[in-house]
Amino acid sequence: MRISFKSRVSSQPSLLKFKPIEPSLEYRSLTDIWEHERKAEQLNSLLDRYKDPSFSIALLDRIELFQASKKSTPLVLSLSGAPGTGKTTLANELANALKQSFSLDSAIVSLDDFYLSRAERADLAKSIHPLAITRGPPGTHDVKRLIDVIQKLRKNLSARAPVFNKALDDRVEKTRLIRPAGVIICEGWFWGAIAEPRSALINPVNRLEEEQDHLGIWRSWVNDQIARYKEAFVSDISIYLRAPSSIASMEWRKSQEEENLAKNGEDNSNIKLDIEKFLAHFERLVRWIDKDLSGRANIEIVLDEHHDIARIERH
């Protein structure tokens, strides 16, 4: 399926709203430049929280580079970033914008859907380490199934993804049908990560590791598991959402949980304690990814303390 990014709107762009394009693509005429910026402005107008001219232009540059490669496979766009940074929100915004701007359907694949069942994680807790019961870190997903879904979608085939109920902390029996689409949007907090150097695993990074993993068994196991995801972590365009601090990420994640609880009419008085304990399992890899992916992702969205876009960086 060769995808075409022909815009549905033909109005002339308001060029003053956009910074000059970077020389990542060669244009043959001024008309080409106007057309490129018009498309970027249209794309930007359809975004909400992530509305930013620099981001829209950077994304469109990457999309057009993919189009120029004339690949027959769908475009794979990956989103990664610490918990709470807004990956799911961005995935939905991009899917809507691509549909409205270019009549392109998107298939969204979330890493969270592929958590192992609670029983499977209980087995890991017995055979590997008690901390393996907590969902989220590498090693707590059905990687084979994730790879199968990605491969089918890249072959323009339908695929069935599992459904995980976070309230129950368990996988449910029903599955979700994902139909083939011109764009595959993959989102997950460590999507695209590589293993941390073993020398960095020696010292604990927080109280959880110090008190419950003083021998380093769990963190070494988690680090080794990352390699299993390599076949799934394909990407034509990679986007990294960078939080200004771990504290900000935790507060954003806490707010998300409070909103979910409020919808269900549940008490949220203990939510901060629960979230702090939960996110302690992620802290080591979040720190490592912030160093590693910040230089490897094609587009980096740097967020400020208010969860607004501070700047866009290209790599």
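Two strands are taken to pair if DSSP finds at least two bridges between them. Helices (H or I, at least four residues) and strands (E, at least two) are DSSP runs, numbered from the N terminus. Under these terms, four bridges join strand β6 (residues 237-242) to strand β7 (residues 299-303), and the two run parallel. The model is predicted, so local features need pLDDT of at least 70 and side-chain atom pairs count only at pLDDT 80 or more, while totals for chains, interfaces and linings use all residues. Residues are numbered from 1 along each chain as its sequence is written, and side-chain values use heavy atoms, with hydrogens and water left out.

**Sheet**

- Six strands form an open sheet of mixed pairing, in the order β2-β5-β1-β6-β7-β8.
- The edge strands, each pairing on one side only, are β2 (106-110) and β8 (309-314).
- From one strand to the next, the twist averages 15°; axes are lines fitted to C-alpha atoms, for helices over the stretch in contact, and angles run from 0 to 180 degrees between N-to-C directions.
- Helix α2 (residues 53-68) packs on the sheet and touches β1 (75-81), β6, β7 and β8, where contact means heavy atoms within 4.5 Å.
- The direction of α2 makes about 25° with that of β8.
- Ile-239 stands opposite Ile-299 in β7.

**Helix pair α1 and α2**

- Helix α1 (residues 30-45) packs against α2 at an angle of about 120°, with their axes 9 Å apart.
- That makes α1 oblique to α2, given that angles under 35 degrees count as roughly parallel, over 145 as roughly antiparallel, 65 to 115 as roughly perpendicular and the rest as oblique.
- On the α1 side, His-36, Lys-39, Ala-40, Leu-43 and Asn-44 meet residues of α2, including Pro-53, Ile-57, Leu-60 and Glu-64.
- By class, the contact of α1 with α2 has six nonpolar, three polar and three charged residues; Ala, Val, Leu, Ile, Met, Phe, Trp, Tyr, Cys and Pro count as nonpolar, Asp, Glu, Lys and Arg as charged, and the others, Gly among them, as polar.

**Positive phi values**

- Most residues other than glycine have a negative phi.
- Lys-70, not a glycine, has a positive phi of about 55° and is placed in the loop between α2 and β1.
- Lys-70 is exposed, with a relative accessible area of 56%; buried means under 20%, exposed over 50% and partly exposed in between (1.4 Å probe, protein chains only).
- Ser-103 also has a positive phi, near 55°, and lies in the loop between α3 (87-102) and β2.
- Ser-103 counts as partly exposed, at 42% relative accessibility.
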